[in-house]
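Reader: Could you walk me through this model, starting with the chain as a whole and then moving to a few of its parts?

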Amino acid sequence: MNPIQEKVAACLKEIRKITDFVPEVALILGSGLGALAEEIQIQETIPYEKISGFPLSTVEGHAGRFVLGTMGETKVIIMQGRVHYYEGYAMSDVVLPTRLMISMGAKIVFLTNASGGVNSNFKPGDLMLIEDHISTFVPSPLIGPNVEEWGPRFPSMGEVYNQGLRDLILSVAKEENIPLQRGVYLQTTGPAYESPAEVSMLEKLGADVVGMSTTVEAIAACHMGAKVCGISCVTNMAGGSAKNPLSHQEVAEMADKAAPLFKRLVKRSIEEMKE
């Protein structure tokens, strides 16, 4: 085993001392969206600090624990608070939780985030189904020795966000009468918000929203053979296009406002993902 694989294996061993829970879906909750974890049938909670070697979130509003339970009949593990590259972690640590949840048994990884709107047709409070992403502004999580047990050295990214899952989420949104944008998510390193010139560049590159997470987790999950889907909550217009200086508090407040629709959409979608 290489050191990255050993670290994931060690965290898995720590988890298995606490629970033998085998999830079907892994759900990562973004900034301001953590309240969804309180609405499932909870079987177990595991604070990250109980897992030796596990990276700890330092961002306000990220609870820092796994919540295990069910949504309907679907067994789900929720990451209530993620870690980010801008916190100073190695990229292998940023995606370690994703790899760990898949190693626990998850076949689907459902990613969520708070984002800034780049597409001028979007507005704060919109939810966007992630159809594709742009990851070239952050280091790949696959740099370094490849772990063949996880996936191939050169994995295809032709369909990172599974079409079947996207169709399912769109169907649920229609049934629940929840407006849902569709588009491309672009990840930057952060933690600074975007300048006006950068927002203009991102729009020309084809990004609809921008944020500081998600694409690296999607790549790691896709590499390991998991099905991936994602929803982005547009909490503000991207940094340089905002009329007033942005703050993390503003992002969290808008996420709170969007939370009822977001929670309904995610919960219903996961209930439909029962294998």
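Predicted model: local features only at pLDDT ≥ 70, side-chain atom pairs only at ≥ 80, totals over all residues.

Reader: How many helices and strands does the protein chain have?

Author: Helices (H or I, at least four residues) and strands (E, at least two) are DSSP runs, numbered from the N terminus. On that basis the secondary structure of the protein chain comes to seven helices and nine strands.

Reader: Which radius of gyration does the protein chain have?

Author: The radius is taken over C-alpha atoms, and the globule rule is 2.2 Å times the number of residues to the power 0.38. For 275 residues a compact globule would come near 19 Å, and the protein chain agrees with this at 17 Å.

Reader: What share of the residues of the protein chain count as buried?

Author: Buried means under 20% relative accessible area, exposed over 50%, and partly exposed in between (1.4 Å probe, protein chains only). Of the 275 residues in the protein chain, the buried share is 56%.

Reader: Why is strand β5 largely enclosed by the rest of the structure?

Author: Strand β5 covers residues 108–117. It is largely enclosed because its buried residues number 10 of the 10.

Reader: Which strand pairs with β5 in the antiparallel sense?

Author: Two strands pair if DSSP finds at least two bridges between them. Strand β1 (residues 25–29) is parallel to β5 over four bridges, with Ala26 having Val109 as its bridge partner. Strand β9 (residues 227–237) is also parallel to β5, over 10 bridges, and there Val109 stands opposite Val228. The antiparallel pairing has two bridges and joins β5 to strand β8 (residues 209–211).

Reader: In β8, what is the bridge partner of Gly116?

Author: Gly116 has its bridge partner in β8, and that residue is Val210.

Reader: Is Thr19 buried or exposed, and which residues is it in contact with, leaving aside neighbours within four places in sequence?

Author: Thr19 lies in the loop between α1 (3–18) and β1. Its relative accessibility is 8%, so Thr19 counts as buried. Contact means heavy atoms within 4.5 Å. Leaving aside neighbours within four places in sequence, the contacts of Thr19 are Glu44, Ile46 and Leu68.

Notes. Residues numbered from 1 in each chain as written. Heavy atoms only, no water.
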